[in-house]
Every structure is written in structure tokens, then in C-alpha cells.
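I opened this entry to keep a record of what I looked up in a two-chain model. The notes go chain by chain.

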Amino acid sequence: MRALASSLRCFGARQPLGAVGAAIVAVLVATAVFAPALAPHGPKEAVFTPYLAPSPEFPFGTDHLGRDQLSRVIWGARLSLYVGLVSVVFGVTLGGLWGVVTGYFGGAGDNASQRIVDVLMALPPIILALSLMAALGQSMNNVVLALAILLAPTAARTLRALALSIKESPFVEAARAVGCSHWRVIVLHVLPNTLAAYIVLLTVNIAYAIVVEASLSFLGLGAPPDEPSWGAMLNAGAQAIEAAPWMFLFPGLAISLTVLGLNLVGDAIRDLTDPRLRGGLG
Amino acid sequence: MRAVRRISVFLAVVLLVGLGAGGGATQEKPRYGGVLTWFDYGDPGRLDVAGIWSGLLHWDPDDPAKITGDLAERWRASPDGKTYTFELRKGVKWHDGQPFSAADVKATFDRILNPEFKSPKCGASLKPMVASLEVLDRYTVRFRLKAPVVSFLGAIASAWCRVAAKHVLEKYGDLDRPEAQIGTGPFKFKRYERGNLIEWEKNRDYFVPGLPYLDGVKQYILVGAPTQLAAAKVGRVMLWDTWPPMRKTQVAELARARGNEIDTYQWPVNAIYAIYMNVHKPPFSNPDLRRAVNLAVDRQELVEKALEGAGVPCAILDPKLVGDFALPFEEVAKIAGCRQPKDQDIAEAKRLVEKHYPNGIDVEFAVRAVGNYLDRAQLLVGQLTRIGIRGTIKSYESAAGYAAFGKGDFTLIATQDRGMNSTDPGDVFHLVYTTEAGSNYARWSDPKVDDLAARALRESNRERRKQLYWELQRHILSDAPGAVAVGWVEGWFFRDKRVINYKPAKTAYDNNTFMKVSLRE
């Protein structure tokens, strides 16, 4: 416990902005995990007077259907984190594996795979996500799937580049020389050496996935309409921007803070894992 | 000095008279030129644009409560009320230069009355009334009715019963494509850009001399309330006279932005807000489940929140439009499902659901993503969760939704407004509730409803007719209908003060030909 506290203090001293980010992310995670206990009302409970301004009873006011905005923002954290984490884990992991394996083996397969990556990366991300949602239909799992498809090419391209340099390393040559199979080399020697980049991709892309999910929901093609998505709440707020500014203010703040927190943490992790940026080694 | 004073007085009088006359003239005198801009909430399922077509009759643009001739110059009913003869205008030309004649009227209505042809508006109204149609000569047609029907002329005057060209129908089969937009109306079809706009241009050969005043009309396709409101706030649209109406908060925002440049008003849309349950699919093939929904839906809450109070909860007929044909509020307010508080009805509804589904049931709520339908669907999900019906919302693009509903490809439609053809009390039953109703998406069939609706349609005695409609309303409100009547829709609209002589009709789209509308400088 003391060691953990000491590590955190050390992290805070070396990466003060990262520490702020970590604090925000910790609040987000706690909010998401304890949403049922924290939210004063159900997120879909439309039993109050619509358009109530923020007050002690409703600190974030009520929306156009008479739902407590605070409860919806709290439950929205759970939805955002779920979509962000699951889509990124799937997308980055599968994309990363794809990049590492094709990069390691090279040849025509690698070339063909990179052209597919080119095609996917050439499409504007939000257009690709919208098209996928239009084709797949509106549900939480389809949002996750669309985001995973969106994130996989970037992960594939990034980790393939790493794999190309790792496979030329002396330790890989040594492993091959002692008779390790290609798959053993990939699993035991190449993949572990991409882990730092993989973690950075995860942290940076969670924020990106949350923003894309919010954008899709804002455009009406993300989470189902009754789910407390911050993007959908922004959309509802945009329809009463003068009459009830709190309707877009709080979900907007939630998105901004979450993305800020995740990006700060991502930057800090990148700094800590990059030898060129790590203090004392430069 | 006296002469100077006299001249001054004279000049002042001349000036005042001149100003007065001038002011009056700018108030009243229409001006030629200009393009009117308004909008529709989505791409139309069919391209039958209002201003392009004329009807036999129409609701008078100067007095929207009165029926007047359009393509028909004169009309008369037989003494027994079973035939109506229409004498048509001579010299009318279609937009492609072909002459208009009685053959066009026959081709139009034969098509609409064909039992195989789906005409959810005009056909749904006319099919129960009209037996046949014959051409007496080149400019005379006669409708033979199945029985004397007092609402026949109102149905014929509807915007949904415009006359199409026989040669166009023969060539294209329908009126969906841009090339088929050939009418006799005050405006000609100019272009359609999907998702952007429909443009009409002045018909210089219009059969009413001197009309229209406008050079054209631009009908933007504006999806989503924020876009629609933004267009109104910057003056890009001059008129909001279409479904969906504005909400109270929107009209307040618009009034703040445009000040005295616009007139705003509250107006009935003449549309019923209904929830449909597919009676051929479980769970709503079971009358107990339909009864449960009918009991559990809190109409007052839906009207208060979804329509921001602009509506008549629990009304199958709106007294503002049909007077005492609507069941009195006092009686409606006592009917199970409509009465407040809801505790007793919700308990009964819950019992009915538990009887068949002890653990509750998951149901997909279909909804077209237009207007504030998604908000309404969310409210309904909340209401039905209380009785064990757990809803998940499936949203459709407008036309795709209609296609799915038409095929019966749904379990429950969370909300659908159905606009009437006229203000006749019989409309709603022939459009929504009878077996053959054009918008009977639920495919509900109740012999009692069919019988009462048919008898009421043919009843000429007003008091007896009223009693029949009251009985219909009681039966539908308290039974297990396929369509739950949430209420009657009203809303707020605006008109830019530059728009002269636009008088909204009592039924949406009835006065949208803009034939007498002009624009101030």
C-alpha cells in the first residue's frame, strides 16, 4: 500500500498533468461503477416537470421530458466508458494483432493487408462510422462494433511498423537461430515489445471512441434513443438551447472533462514509456 | 398668409389621404414576383407536390372553412343525395400542354377507388362512399354514391384528392418520379434534389387569370427540429405551416429572434396521435395485452410532455374541429385508461400482463425518426415498463418506417400522427379504425366498429349521426383496439409578415397551393 502511494506520488511529481488526468479518469470510473448508487433517480424516469432549471433538488436541472439530468449524466458515464473501453480493447487488440502478424511475415499478404488499411483510413472516420451504423442498425453492441472497425486500421498500421523493426532485432534473430517457430517468436518476443505502444493506443483511443460515440448519438445514429448517452443529451439540448441551456451544458462538460482526462493520462503514459521523453535518460 | 395656410392645409389633407390609401394598398394589394420559401420535414414518400395539382373542389384560399370550385365550375347533388354531377372548367391545360377533360377525372378516381390500389388518404375516405364514376360528356362527370353521404364534398375537396392526368398515369403508372409531376395547378414542378429541396415555378397558363402572384416556391427538406428552427430564425423559411408544428419553447425562441417580423399562432393540425399494436403478432394478438396498453398509457402525460400541452388528451375526435361529435370531455375523463389518477388502471394493466407473462415481456417499439417521435417513444417506454412491457426503440427513416408499417413488419408503433382529409368526424374511423382504413397499420378488425362507422357515414340525421360517433368513441376507448388514441395534436406555427394572403386551412396541406399568396417587397 505504501509502495503504491509512493508510486502515485512519484507519478504526480513527474507528470503533474498526467496526475490531474488520472484523477479525472478515476472519478469517471468511480461514477460509472457506482452509477446505481450515485444517481438520485433512474436515467429513464420521466416523472418530473420538464425544463426545470438547476436547483438543490435537481442540481443539473431536468430535460424536456422531465428526466433528472444529473442522473442521466451519471449513467452516461457508464455508457461512455463501456463503449470506449470495449470498442478500443476489441479494435486496438484485433487491429494490433493484424498489423503485427502481417508485418512480421511480410510479402504479398502484408502488402494486400496494407491496401485494405489504406482504404479504411482514406474514409473520413465519422462518415465510415455513420455508414456502418446505418447498415448495422441502432444498438449499443453495433456502436461498439462500428468503433472497433474504425479503430482497427490505425492500430494495425502503428503496430505493424513496430513489428517491422522488432523482427530485425538481434534477439529475434537469436530466437530464430535456436529453432523457435514463427508463432513462438511472435507471441514471446514481438508482441511483448509492442506492449507499450499498445497501451498508449488504448488510452488515447478511449477518448476518441467516446467522442465518436457521442457524435453518432448526437446525429441520432449511436446508442438507442432512450439510453443516457451524452451525445444524445447534447442533441436534445440543442433543441432548447435558449430555453434550457443546462440541457447541453452538463453533458457537454462531461464529454470535455472525460476526453481531457483520458488524453492527459495517455500523454503521460506515452512520456513515461518513450525513452526519448523519459526523464533522466535523454 | 391665408393663402399659404390654405395651401398647407390642402397639402396636408392630400398627404394624409395619400398615405392612408397607400398604406391600405400595401396591406391589401398583392404584388407579383418573389419566391416563397417553406419546408418539409423529410423527403416525400411520393412526389405529389401540393401546388402542382388541382382538385375538383378545394377549401377556399380566402376562407378556408368554405368549399369552392377548383377544376369543377359547378356541381349539384341529386334530390336523393346519391349522385353528384360536376361540370368542369373548359380550356384548362396540363403543364405539358395537353388539354384537361373529364377522362382525366375518371382515370384519377378509378385508380384511387380500385380495391387493389393502396390510397391511405383519399382512397380510404372515398372507397366507403363512392360506388362508381361515369363521364357524361367531355366536361361533365358524375359520382354515384353507395348511399347519401353528407361528407362527400368535404372528402373530394381534400388536398389528398387532387386530379392527375390520364396520359401521365398511362405513361408512368404512378406519380412518384419527377417526370410525372404534371398537374394543372398554379405552379409547375421545376426540380427535386433529394435531401435538399423541391422547387416549383409559376404556371403562366394557370386556368385562373392573374394567378399565381409568386414566381415560384422553394420547399426545403429540413430534417430535425434544430435545423428547422435555425432556418426560421434566419428568415430562410417564411412559413411554418407543416407537420411537425413548433413546440412552445421553439416558438418563444423564434419570437425572440424575429420579433415583430413574424406572426405566430396556435392551430389544430387535424391529426390524431396514435400508438399501434400489431394484432397479428404476439404479444398483441392477445386482446388482454392490447387492453393492458390501452389502460396503462398516460395520455395526459404524453400530451403535456411530448406536445408541451398542445393537444387534447384521450380525444378520438377534437371538439375544436368537429364540435359536439366529439364525446364530451366529462365522459371521456371517466373512461378507464383516460381517467386520472392512473393507479387503478395501471394495477389492472399489470395484472393483465402478469397473467400471460409473469416475468414481463420485451417488445420492440418501432418509430419513424421524425418530429419528436423519438421523445414520445421514450416516454412510452417509461410508461409501459411500469406494467412489465419492456420496450427497446427501433427507429426508422421516415419512408422506410412507412414501408415497414405498411407491410405489418412491426410489433408496436410507439407513435404515429395521422392527419385527416377533412374536418368530418367520420374521417378518423375510415383512416385509422375500420378494417379497410388506409392507416390501419395494426390490421385490427372489429365488426362493431365497421358497422357503426358505415352507419354513421350514411346517416343524414345529425343527432343520430352524433350518437353513432359517440358510441364508436366509447367502444374504441374502452375496448382493446389496435390503435390507442393518445389524443388530438395541436401546435404552434409562424408566418413571416412578408407573406400576404396566406390563410392556414383547418387540415394540414389543404391550403398549400399558395395560388393567392404574394410577398411584400
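**Conventions.** I noted that this is a predicted model, in which local features need pLDDT of at least 70, side-chain atom pairs count only at pLDDT 80 or more, and totals for chains, interfaces and linings use all residues. Residues are numbered from 1 along each chain as its sequence is written, while chains are lettered from A and ligands numbered from 1 in the order in which they are written.

**Chain A, confidence.** I looked up pLDDT, the predictor's confidence in each residue on a scale from 0 to 100. Chain A has a mean pLDDT of 89, and 96% of its residues reach 70 or more.

**Chain A, overall.** I took helices and strands as DSSP runs numbered from the N terminus (helices H or I, at least four residues; strands E, at least two). Chain A comes to 11 helices and zero strands. I recorded the span of the C-alpha trace of chain A along its principal axes as about 75 × 50 × 30 Å.

I then checked burial, counting a residue as buried if 20 or more other C-beta atoms lie within 10 Å of its own, exposed if 12 or fewer, and partly exposed in between, with C-beta atoms placed from the backbone. Of the 282 residues in chain A, 45% are buried. For contacts I used C-beta atoms, placed from the backbone, within 7 Å. Of the contacts in chain A with a separation of 6 or more, 68% are between residues 24 or more positions apart.

**Chain A, one helix pair.** How do H4(A) and H9(A) pack? Helix H4 (residues 69-105) and helix H9 (residues 182-218) of chain A meet at an angle of about 145 degrees, with their axes 8 Å apart. The axes are lines fitted to C-alpha atoms, for helices over the stretch in contact, and angles run from 0 to 180 degrees between N-to-C directions. I counted the residues of this contact by class as 16 nonpolar, six polar and one charged. The classes are nonpolar for Ala, Val, Leu, Ile, Met, Phe, Trp, Tyr, Cys and Pro, charged for Asp, Glu, Lys and Arg, and polar for the others, Gly among them. On the H4(A) side the contact includes Val88(A), Gly96(A) and Tyr104(A). On the H9(A) side I noted, among others, Tyr198(A), Asn205(A) and Glu213(A).

**Between the chains.** The contact takes 17 residues from chain A and 17 residues from chain B. The side of chain A that touches chain B has eight nonpolar, five polar and four charged residues.

**Chain B, a sheet.** I found an open sheet of four strands in chain B, in the order S5-S6-S8-S7, with antiparallel pairing. Strands pair if DSSP finds at least two bridges between them. The edges are strand S5 (72-77) and strand S7 (130-137) of chain B, each pairing on one side only. Neighbouring strands of this sheet are turned by 20 degrees against each other on average, direction ignored. S5(B) and strand S6 (residues 83-88) of chain B pair over five bridges, and Trp75(B) stands opposite Phe86(B) in S6(B). Helix H2 (residues 102-113) of chain B packs on the sheet and touches S6, S7 and strand S8 (140-145) of chain B. The direction of H2 makes about 165 degrees with that of S7(B).

**Chain B, backbone.** Most residues other than glycine have a negative phi, and most peptide bonds are trans. I listed exceptions.

- A cis peptide bond joins Leu211(B) and Pro212(B), with omega about -5 degrees; Pro212(B) is in the loop between strand S11 (197-202) and strand S12 (216-221) of chain B.
- A cis peptide bond also joins Pro282(B) and Pro283(B), with omega about 5 degrees.
- Cys314(B) has a positive phi, near 70 degrees, and counts as buried because it has 24 C-beta neighbours inside 10 Å.
- Asn501(B) has a positive phi, near 60 degrees, and counts as partly exposed, with 14 C-beta neighbours inside 10 Å.

Conventions
Contact = placed C-beta atoms within 7 Å.
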